[in-house]
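This report looks at a nonpolar core and the strands around it. The sequence and structure come next.

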Amino acid sequence: MAATATTPLATPPSLPPPRKTYPSHVRAVSYGKALFADADLPAGTVVERFEGEVVEYDQVSEKDKTYVLNFLPPGETEWKWLLPTSDARFANHSCDPNAKLTNLQIILTRPVKKDEEITFLYNPGDDTDYWDPAWNFKCCCGSTDCQGDIDRYRKPKA
Ligand SMILES: [Zn+2]
């Protein structure tokens, strides 16, 4: 393995420190793995958080492309790539999600029942000219508003 220049993810000062546990768990499903609610939970509950190493674009392997999180750190203008090690990596996309991603935290946007799958929108970004077509995927969320092709992974500007 090549030497890498990874930087541990610093907790942005505006966020509370990470918790040890969240009211969610990972289970195998027919389409891989997924994140589920431990109990009936109200909207606003923080159900998981992305933790891991921040890496450069070229350090993301084929395998990790499924899990990598493209995010804009608070107060920064350069998008980063996070290789998640927390259960958040298994939270799937839905075009009709019950959660959203805010400051690396997965937060419920509506109440969920115990054992309901927790999903968020992977592509909330606005249109720019540097999406990476290599990371697109076909959505199978089954929502009547399904977008079909999900294409909101950013590529560094040349
Ligand atoms: Zn969909």
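## Basis

Two strands pair if DSSP finds at least two bridges between them. Strands (E, at least two residues) are DSSP runs, numbered from the N terminus.

This is a predicted model: local features need pLDDT of at least 70, side-chain atom pairs count only at pLDDT 80 or more, and totals for chains, interfaces and linings use all residues. Residue numbers start from 1 along each chain as its sequence is written.

## Strand E10 and its partners

Strand E4 (residues 46-49) pairs with E10 through 3 bridges, in the antiparallel sense. Val46 has Ile107 of E10 as its bridge partner.

E9 and E10 also run antiparallel, joined by 4 bridges. Here Lys100 has Ile107 of E10 as its bridge partner. The E9 and E10 hairpin has 2 residues between the strands, and Asn103 takes a positive phi near 50°.

E10 shows two faces. Ile106 and Leu108 form the covered one. Gln105 and Ile107 form the uncovered one.

## The largest nonpolar core

A nonpolar core is a set of buried Ala, Val, Leu, Ile, Met, Phe, Trp, Tyr and Cys residues joined through C-beta atoms within 7 Å. Buried means that 20 or more other C-beta atoms lie within 10 Å of the residue's own, with C-beta atoms placed from the backbone.

The largest such core holds 21 residues. Val47, Ala91, Ala99, Ile106 and Ile118 have the most contacts inside it. Strands E3 (32-37), E7 (80-84), E9 (99-102) and E10 (105-108) each supply at least two of its residues. E7 gives the most, with 3 residues.

## Around Ile118

Contact means C-beta atoms, placed from the backbone, within 7 Å. Leaving out residues up to four places away in sequence, Ile118 touches Val47, Ala91, Ala99 and Ile106, among others. Its contacts also include Ser24, Leu35, Phe36 and Asn98.

Technical notes. Buried ≥ 20, exposed ≤ 12 C-beta atoms within 10 Å, placed from the backbone. Contact = placed C-beta atoms within 7 Å.
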